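Me: I would like to learn how to read a few features of a protein model. Could we take them one at a time?

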Amino acid sequence: MSIRSIIGAVALVSIAGVASAAELSGNTVKIGVLTDMAATYADLAGKGTVVGAQMAIEDFGGKVLGVPIEFVSADHQNKADIAVSKAREWVDVGNVDMIAGLVTSSVALAVQEVGREKNIVTISSGAASSRLTGKECAPTGFHWAYDTYALANGTGLAVVKDGGDTWFFITADYAFGHSLEGDVAAIVKANGGKVLGRVRHPFPSSDFASFLLQAQASGAKIIGLANGGADTTNAIKQAGEFGIVDGGQNLAGLLVFITDVHSLGLDAAQGLLLTTGWYWDLNDETRAFAARFEKRVGKKPTMIHVGTYSSVLNYLRAVEKAGTDDAKVVADTLKSMTINDVFAKGGKVHPNGRMAHTMYLVKVKTPKESKGPWDYYTVIREIPGEEAYRDPKESGCPLVK
């Protein structure tokens, strides 16, 4: 090879290197986690969401396409205005490329709109509202760990088929509660059941006395708790004080996390049916991940914690595959991928941003059945992703053709 040819080859390599670097904004990939660090959802999200994202970055290797991966986190206090302000600051000043976590549906919906406007990827593993991938879907918005439709298709359907055909809802009065109540009510009615009434409580709430008395007076077989976190555990504890279950009615916790069961104790939670997107004791891989997580956080992970891990890990895989951190290109790449990690096997990302994966209908063990700390669930049924989640063609999302 001549000197001129060698010089030309080196020049081409240099140009290719510059072009490759130019595909990454700010010569870094920056990920932010917005979560509830100190309020109603701190136990099921909070620090564990931050750690889940950090573990994903570490497991990926700390770099992508040769540049460092940076990380920031903040407490949104379950307030959409605070979340939006922080998201805008991160994008405009901090060059954040992707925002994860997003517990609380009102927060997730608001930040997803920021993502649409600013052209960044948002992936919610903490919020539940199916509106995120319905009419309010966004080209760069994704919903990862679970949603209200899947919860309804799991817990709601199982309870109705078991004879719980009359319902009264106690519902958190914001986007998540409304969506969960609506999705479960639709399942109840479609399977021959009736909704006898509903009452909506402020979010968050510590006093459920008046709401429980209304539910008790309705005579409904099932009192559906369309809330989450501390609201759910408070309602269950107070229902015990009113003797509601002893009186012949049953509670259906429509969004219950393993941290809620831990807080309640098996004496209070035993027998509850619930739907989850992940459980630490499924297999050797999940047990190993949970052990790593527990060393850092002091408890087993919820589906939100592991869902955040999965969302960040697969975002980085998509950036690597796409060769860029441009949000629209990464979003299209993510939608072409099959999700295989500790959270999901064979997960499919729908055109509306919904990641469909296996869900699990579980029953909380009795104290005698439990073999030790955090051994709380018996898996009753695995629900395949295509059954658990709404057909994207029926979601109302304008991105689905």
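Me: How many bridges join strand 12 and strand 13, and in which sense do they pair?

Reply: Two strands pair if DSSP finds at least two bridges between them. Strands (E, at least two residues) and helices (H or I, at least four) are DSSP runs, numbered from the N terminus. Here strand 12 and strand 13 (residues 345–349) are antiparallel and share three bridges. One of the bridged pairs is N340 with K345 of strand 13. This is a predicted model, in which local features need pLDDT of at least 70 and side-chain atom pairs count only at pLDDT 80 or more, while totals for chains, interfaces and linings use all residues. Residues are numbered from 1 along each chain as its sequence is written, and side-chain values use heavy atoms, with hydrogens and water left out.

Me: What is the strand order of the open sheet that holds them?

Reply: The order is 12-13-14, with antiparallel pairing across three strands. Strand 12 (338–340) and strand 14 (355–356) each have a single partner strand, so one side of each has no neighbour in the sheet.

Me: Where do helix 2 and helix 12 meet, and at what angle do they cross?

Reply: Axes are lines fitted to C-alpha atoms, for helices over the stretch in contact (heavy atoms within 4.5 Å). Angles run from 0 to 180 degrees between N-to-C directions. The axes of helix 2 (residues 46–60) and helix 12 come within 8 Å and cross at roughly 35 degrees. Residues in the contact include G52 and A56 of helix 2 and Y309 and L316 of helix 12.

Me: Which residues touch the most other members of the largest nonpolar core?

Reply: In soluble globular proteins, nonpolar side chains tend to be buried together. A nonpolar core is a set of buried Ala, Val, Leu, Ile, Met, Phe, Trp, Tyr and Cys residues joined through side-chain atoms within 4.5 Å. Buried means under 20% relative accessible area, exposed over 50%, and partly exposed in between (1.4 Å probe, protein chains only). The largest core here has 113 residues, and Y146, W167, I170, Y315 and L316 touch the most other members. Helix 12 (residues 303–322) gives the most to this core, with ten residues. Another core, of 19 residues, lies apart from it and includes W90 and V91.
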